[in-house]
Amino acid sequence: MNPLLDVRGVSRYFGGLAAVSNVSLQIGVGELVGLIGPNGAGKTTVFNLLTGVYAPTKGEIVFGGKSISGQRPFQVARRGIARTFQNIRLFKALSVLQNVQVAAALRARQSFASAVFQTPGQIRDDRRIRAECTSLLDRLDLMSHADSRADALPYGVQRRLEIARALATHPRLLLLAEPAAGMNPNEKSDLMQLIQRLQAEFELTVLLIEHDMRVVMGICERIYVLDYGEVIAEGTAQAIATDPKVIAAYLGTEDESSAGVSPATEAESSAGVSPATEDA
Amino acid sequence: MAAASNGATAAPGSGAAALLWFIGRVVVVCVIGAALAGASILLTENLETYYFLVLIQCGIAAVLAVSLNLINGITGQFSIGHAGFYAVGAYVGTAWTMLWRPMLAKSAPFLEIGTLAGDALNLVIAMLLGSIAAAVTGVVVGTPSLRLRGDYLAILTLGFGEVIRVVLLNIDAVGGARGLAGIPTLVSTGGLAAFWVFSLLIAVALLTRNLMRSTRGLTWLAVREDEIASDAMGVDTTKVKVTAFVVGSASAGAAGVLYAHFFTGISPDIFGMDVSILITTMVVLAGTGSVTGAIIAGFALTALPEALRFLKDFKEYRMVFFSTALILMMLTRPQGILGHAELGFGSFARLWGRIRRRTRSAAA
């Protein structure tokens, strides 16, 4: 079976610097995959390549059997890839419902003319979109905030709204950029449950960038590890946690032999990992 | 099966509904038009000429403010060369009336002016041509400006406004620095001046309000709020920005045609940088994005300098008072007159409810 997302040897240079070099990723339908790596490893650049913010210098990105390299972000979004932003980028002055409505607009059957003349079809279409968005807010527990301004929401709720907004585009692939950043342990547990629930309910494929090892190890079926713009490891949480290359990337390699002694415990304690089973 | 029968009954139903909707709209437009025309004739007969002139100027200023609001306030593209589009409309509309129409009228007698119908027809044609020309200019300015944001876009549009003015200054066919005088006053025929100006204002304001009610319109606000995020959510930001420029400048062009055919004379200095700045001030003062706010600001900023004329002994300080008023406004209400809010029947109803509650609690 073909993977939903097939990144084939993609590189991106900024001047002489290779932010990402020769990265290949395959994500199958319905998978929940993590993308981790130390600071500056190129995770965000990979996201920006996948969403069309940057075009790859080399290589190709194939989504759902079609190449999307070089497409503009809004075209990529219309193809079915939605994202959230690491540093929340909501439409601040708009209400929660309006934020979601903007994202649902790519499925709107209306034009500038129909909007201006408020034709019956237009009114019906707006009503349909609003109903759709309301039920989406309901499923994400945001209904009580529907009419508040987005920037008036508490931080955790803003993160949830970012996810709701991305889901409103009806994506096949959801890219989550550090969804747990700045959250307390309780909020993180809630988030993990939310992501797993959404993945099941919306039949989503999810790619997750995250620094918090507890979250990544807890919910990702498979993990890619980036370092210096290259994929250095790929596998299940257990395999990744014991991979000497990964440990070296996170801890440095002042002593090769010591890394081999008890890699699993070292990686876990250093990265703040508690065994995933505790939260599930 | 149920769905199929539903579809079968829905199809003719929606067709009839569409027809009903269309007839309803036409009736509403006719009623409003007739009321406006009546009011216009009454105003022309009963209002002192000076006040009437101020009223017309207020109306035209409000159209300019509402149309720039579409670009600046709603889509968030800080454009400050609106007088350029206004000028293009005025000159192209006048070119129709004074240059092209007389040539065509030789073979098409219905284009003659002097009768109510002939004047109205020619004014509509002039407005169409003026808007189209301004819209084309809007595309020309809007497209390269997509690469620019904030201050840089402001500088580009400001420069554009000046370019238009200087070009007009140097075209002898349109009178150069003297401009064009003796334009037939198509607007005032039959006392309909206020009708034309306020029809245009209502049309532009309603168009904007309807757009803002739709999902499509929300994507315009999203572009203002966060361009990168709207792009990522599937909004074609380029299309939104160019459409805003086209619609905004077309409306300004139509306002220019009305100006030219009401005041019967135009010259490049009427469309200078000060006018652009004044329109921008109106939008900022309105509270960026508020349509009713833009109308109020358009009226206020046009009427205020006139109202300050009573300072006969301090004539030279008139504009000082004007700017002081503006500065006080910015200090006390930085979000603008209405902020993001709109004034409508709903807000009057809320105000009324609040007053009643207060009087009731005072009585108790």
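Helix axes are lines fitted to C-alpha atoms over the stretch in contact, and angles between N-to-C directions run from 0 to 180 degrees. In this predicted model, helix α3 (residues 82–105) of chain B packs against helix α4 (residues 116–145) of chain B at about 135°. Their axes lie 8 Å apart. Angles from 65 to 115 degrees count as roughly perpendicular and those over 145 as roughly antiparallel; α3(B) and α4(B) are therefore oblique to each other. Their crossing is right-handed. Residues from α3(B) in this contact include B:Phe85, B:Val88, B:Trp96 and B:Arg101. From α4(B), the contributors include B:Ile125, B:Met127, B:Leu129 and B:Thr137. By class, the contact has 11 nonpolar, 8 polar and 1 charged residues.

Chain A contains an open sheet of 4 strands in the order β2-β1-β4-β5, with antiparallel pairing. Strands β2 (17–27) and β5 (66–67) of chain A form the edges, each pairing on one side only. Strand β1 (residues 5–14) of chain A runs antiparallel to β2(A), and 7 bridges join the two. One bridge pairs A:Asp6 with A:Gln26 of β2(A). Helix α1 (residues 43–50) of chain A lies across β1, β2 and β4 (58–63) of chain A. Its angle to β2(A) is about 65°.

The contact between the chains involves 33 residues of chain A and 27 residues of chain B. On the chain B side, α1 (2–46), α6 (193–213), α7 (215–225) and α8 (227–232) of chain B each give two or more residues. The largest share, 8 residues, comes from α7(B). This side of chain B comprises 13 nonpolar, 9 polar and 5 charged residues.

Methods
Residues are numbered from 1 along each chain as its sequence is written. Chains are lettered from A and ligands numbered from 1 in the order in which they are written. This is a predicted model: local features need pLDDT of at least 70, side-chain atom pairs count only at pLDDT 80 or more; totals for chains, interfaces and linings use all residues. Two residues are in contact if their C-beta atoms, placed from the backbone, lie within 7 Å. Ala, Val, Leu, Ile, Met, Phe, Trp, Tyr, Cys and Pro count as nonpolar, Asp, Glu, Lys and Arg as charged, and the others, Gly among them, as polar. Two strands pair if DSSP finds at least two bridges between them. Angles under 35 degrees count as roughly parallel, over 145 as roughly antiparallel, 65 to 115 as roughly perpendicular and the rest as oblique. A crossing is left-handed if the near helix is turned anticlockwise from the far one by less than a right angle, and right-handed if clockwise.
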